[in-house]
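Work through the exercises below with the model open. Each task is followed by a solution in steps.

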Amino acid sequence: MRPGGLERRSAASATTRLWLIAHVLTISLVAAAQASDSPHRELRLHFRLPAGMTLPADFRPQVYAESDRDQARLMWQPEFRRDGLRHANLLTVHATGSGEFEVRLLHPEQPFYVAIHAPGFLRFFERGPFQWSQIKNGRLEIDVEKPATLEVHFNPGQEKPEKLPFDGQVLHIIRRAEGAESYNVFVDQDLPFKGFARISDLAAGDYLVGVETRPKPGVKDDPRTTRSPVNPGAYVEKRKVTLRPGQSVPVSFRYVPFDLNVFRGNRTAAVRLLHPDGKPAASKPIWVGYFDAHYGAVPVFDGSVPAAGEIVLKDITDRVPEIMAGAPYFIFVGNRCLGRFGFSKKSGVERFTFPLWPDANDLAPDAELIAVTDGKPIKLSSLRGKVVWIDFWATWCKPCQPAMKELDQLATDEPARWKDRVVLVPVSIDEQPELVTRHLAQRGWTHLEHFWSGPSKINGFQSPAARLFVVDGVPTSFLIGPDGHILWRGSPIPEPGGKSMKDRIAEALGR
């Protein structure tokens, strides 16, 4: 899994508060405690609406526990609404008349969110988490901001429609939920040819706005793009947009025909591939591609690494597509992506060195890991003499969570049996170590010392420790023997009937 997105939070400005009037919707939330003898607790919740806004007749707010937040937001997706599953995973909201609603919270000790997702009125509005301990006098007030508006234009150029390789276009509007790493809820709709779309019911926040064309029947992939096929009729363009309450933002897109030489420029890159022991990776098959933001990866080089271990790429561009973060070139060895590079100098030849993946029997890289608790670094080599299980993970990675829970449990159950011969080393590739601290505290995974892979200007996979281990996905684990050599590399999630973390560590101890 991959991270992405922006880290910003929306708040009602002083100007927005002037829009608010005493138009109040009262909702009665009745909380039932887990224990049968715990009394119900009632909460009065007030939405303050901006002037000119009136709730739809069939309006229902959405209320859900923090633990159900990801599933609840899925209900905002178009396909779920079409299938009639809009309220799945949400707590049932009952109308009691006169604009009042009643909600039963099954676990009032859990934090909860309140959301408004009513297309045509206001979409993607969410506030929380709220805790019962923070509620004073049984009353909670939420200010609802004016919706923002997107005005999207698409210009197909001067060609007549019959000469274009596409016959339609779709508008995508993808929202990044507050506090989330990636853009994860969306709107999609057809966009007229030379057309205009106005979407006026969006909550303030960060969005990714894009246009994608539909290839005409019979328009085939360009045969020169076999590794990463490109269809000339599948043009894409995206823009990051931050919307503020009541704001109207124009976004314009203009069609650009596919160009196989889009990577051409006046720069030179020398790309060197090395085995983990530092020797040149001669004869390895290598493919280099440039990411064209409109069509995907365009081939730059396809061949074998020469004896010196270095390929020289001349007359290439240092231009970075707007939607990317500084590294538009991708390197594949075989079928695996080894890494990315982008120019940092303004002129001249720039060199990039990539070690191949450390694997079983290789000496583990001596990565520097940063303790999440106090920021102090340690060298992996300082753990020599012990069996080391190192797990690269991220808070935003769903498959990482069961593995991290199991790792935390192992730290509780196994130390007496291992007798100080094993060290468990979870390494986060998150943007900031504070995200890890908060995540672990919320889940009670506090039986291990956690580490951070370090900062990166691109994403967590380019952070220092992750780069040394050439981590191209999470979760990824390494089992390292007492002599510092890698015994095994793979996913900590076993295949059906496969070996668990505990099994692999036991094998390493028995060697």
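The exercises concern a predicted model and cover a strand, a core and a histidine.

**Exercise 1.** Determine which residues of strand 20 lie on its covered face and which on its uncovered face.

Solution. Start with the range: strand 20 spans residues 329-333. In a regular strand, side chains alternate between the two faces of the sheet. The covered face holds Tyr 329, Ile 331 and Val 333, while Phe 330 and Phe 332 are on the uncovered one.

**Exercise 2.** Identify the strands that are joined to strand 20 by bridges, and their sense.

Solution. Take strand 17 (residues 285-292): it pairs with strand 20 in the antiparallel sense over 5 bridges. Within this pair, Ile 331 is opposite Val 288. Next take strand 21 (residues 336-341), which is antiparallel to strand 20 and joined to it by 5 bridges. Here Arg 340 is opposite Phe 330. Strands 20 and 21 form a hairpin with 2 residues between them, and Gly 334 in the turn has a positive phi of about 65°.

**Exercise 3.** Find the residues that touch the most other members of the largest nonpolar core.

Solution. The core has 85 residues, and those touching the most other members include Leu 150, Val 288 and Tyr 329. Strand 6 (residues 112-118) supplies the largest share, 6 residues. A second, separate core has 50 residues, among them Leu 380 and Phe 451.

**Exercise 4.** Decide whether His 439 is buried or exposed.

Solution. Locate His 439 in helix 6 (residues 433-443). Its relative accessible area is 7%. The cut-off for buried is under 20%, so His 439 is buried. Beyond four places in sequence, His 439 contacts Trp 393, Thr 395, Gln 401 and Trp 445.

Notes. Residues are numbered from 1 along each chain as its sequence is written. This is a predicted model: local features need pLDDT of at least 70, side-chain atom pairs count only at pLDDT 80 or more; totals for chains, interfaces and linings use all residues. Side-chain values use heavy atoms; hydrogens and water are left out. Helices (H or I, at least four residues) and strands (E, at least two) are DSSP runs, numbered from the N terminus. Buried means under 20% relative accessible area, exposed over 50%, partly exposed in between (1.4 Å probe, protein chains only). Contact means heavy atoms within 4.5 Å. A nonpolar core is a set of buried Ala, Val, Leu, Ile, Met, Phe, Trp, Tyr and Cys residues joined through side-chain atoms within 4.5 Å. Two strands pair if DSSP finds at least two bridges between them.
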